Amino acid sequence: MMNHLHEFLIFSDSKQNRSVLHLEDSLTAFSQITKIPVSYFDTEGRYCWSTLPEERLCNANLEYEKKGTPCTRNLLASMNISLSLPDAYIFMCEAGLIHLCFALIASGKEYGFLMAGPIAMGNDMEKMIGAFFRKTPAETMDYTCLMTLLRKMTLYTPREIAYLSTLFQNSVTGAISFSREEDLRAQRNQEQSGISSRLQQMKKEQLTLEYPHASEELLTSLIKSGSHDACQKQFSKYIEDIMVFEGGNLSITKLRLIAFITHLLQHDDTWQRNYENLYALEKINEAKTLRELMQIGKTLIAALADTAADRFYAGSSPVIKKLILHLNVHYSDDITLQKAADMVHVNPTYLSTLFKQETGLTFTAYLNRLRIRHGEDMLLNTNLSVTEIAMAAGFSSPGYFTNVFRQVHGITPREFRNRPAK
């Protein structure tokens, strides 16, 4: 039916053709029953396609589609009005005939118009034809074609035209809704098939199906570190792991995600007071497919990471912000001031001065504090030795870790671990 209409039906390529066919079938059925042509016009108001091209009365107008004519101006004005209406717009053209215009809009973007008509209104065909000729300039008409088409038209009362408008609108929206539901079913089946394949592979490899705690913990860490891109990537893995654990149950997976985010932010009063955040959780609940859940979740997770990043650094330097976000994720790597400067493409001396100016700490002091914070967490929540923790946190030796730890806390890592719980 033309590219704009294909674009309007936002599916994969294989689904687009089928969706357009559903719409064509529905509109053709409307036309066959009512004998009223339905035409598709692009976003510029150009005629592109019709269900009954040979029945269009406009074909007899020799000046039809010429720019600046009363007919064209009336058509464009009516299309413009239809853009602001949720239902089909009923209007009368210059020739006294009725048209039904339905604007195709998705996500604020226009994709063209569907026009049912012309439709003859009245109780007396001869009077209608007489009125038509009085309003239509003789020099613009092909009378042989015109009389043939006029005689074939059906007269409708105003009440019947209102019914036709409802039928026309339902023919459009019903076909689109059917196609989308069909696409959703196909997508869900495909996603379920992928989950089943993964479960079968795990069974074949004799792997134990367990809740993905490690995946969840890593995602939590990345969100808190403010790493926008890394947490989005990990989020995809986390949701896939949950789907596998839940045997492909999307409803339970959505609840798991809502619970995860709620737990993550349970002590964040600012987040709890923002109603937009609650609406975001509602969107999670409304997701109909895994792909849709992924899209909604990634947007929310990225926003959480950005908020966390602002807490780490709310200054105005994009160089420092980029470096801090990198350090929060890669703190255990072998990082030096020179390597950091190379990464953000500045001179090491300039970076050192800017870092101290923006954070109040030297580059080394900030990195050590970051590593100590992760060391504290491992001391309290793992059975790793002090040596293992020092290496995992990024320190060059257990001795250096102990010295820095003592400077921060006034006690050694071992004493910190063994102190009585409060």
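The model is predicted, so local features are reported only at pLDDT of at least 70 and side-chain atom pairs only at pLDDT 80 or more, while totals for chains, interfaces and linings use all residues. Residues are numbered from 1 along each chain as its sequence is written, and side-chain values use heavy atoms, with hydrogens and water left out.

**Stop 1**

Select residues 38–41, which form strand β1. Strands here are DSSP runs of E with at least two residues, helices are runs of H or I with at least four, and both are numbered from the N terminus. Show the side chains: Val 38 and Tyr 40 sit on one side, Ser 39 and Phe 41 on the other, and all are buried. Buried means under 20% relative accessible area, exposed means over 50%, and partly exposed is in between, with a 1.4 Å probe and protein chains only.

To find one of the bridges, pick Ser 39 and look across to Ser 50 in β2. Between the strands are 5 residues, and there Gly 45 takes a positive phi near 85°.

**Stop 2**

Step back to Lys 35, in the loop between α2 (13–34) and β1. Lys 35 has a positive phi of about 65° although it is not a glycine. Most residues other than glycine have a negative phi, and most peptide bonds are trans. Lys 35 is exposed, with a relative accessible area of 52%.

How many cavities of 30 Å³ or more does the structure hold? There is 1, and the largest cavity has about 140 Å³ of space. To select its surroundings, begin with Lys 35, Pro 37, Glu 55, Pro 118 and Met 153, the closest to its centre of the 14 residues that line it. A cavity is a set of points, on a 1 Å grid over the protein atoms alone, where a 1.4 Å probe fits but cannot get out, and lining residues have an atom within 4 Å of a point. Grid points are joined across faces, edges and corners, and the volume is the space filled by probe spheres set on the points.

Next, color β5 (109–121) and α5 (143–152), the elements that give two or more residues to this lining. β5 gives the most, with 3 residues.

**Stop 3**

Look at its link to Gly 117: the peptide bond is cis, with omega about 5°.

**Stop 4: His 345 and helix α15**

Jump to His 345, in the loop between α14 (337–344) and α15. Its phi is near 60°, a positive value in a residue other than glycine. At 68% relative accessibility, His 345 counts as exposed.

Then select α15 itself, residues 348–359. Which residues of α15 are buried? They are Leu 351, Leu 354 and Phe 355. These cover an arc of only 105° around the axis, so they are on the same side of α15; the arc is taken from the directions from the helix axis to the C-beta atoms. Turn to the other side of α15 to find Thr 349 and Gln 357, which are exposed.

**Stop 5: Gly 394**

Finish at Gly 394, in the loop between α17 (386–393) and α18 (398–409). Gly 394 is buried, with a relative accessible area of 15%. Draw a distance to Asn 368: the two C-alpha atoms are separated by 8.8 Å, with the residues 26 apart along the chain.

Conventions:
Two strands pair if DSSP finds at least two bridges between them. On a 1 Å grid over the protein atoms alone, a cavity is a set of points where a 1.4 Å probe fits but cannot get out, and a pocket is an open set with protein on both sides within 12 Å along at least five of seven lines; lining residues have an atom within 4 Å of a point. The expected span of a helix is 1.5 Å times one less than its number of residues.
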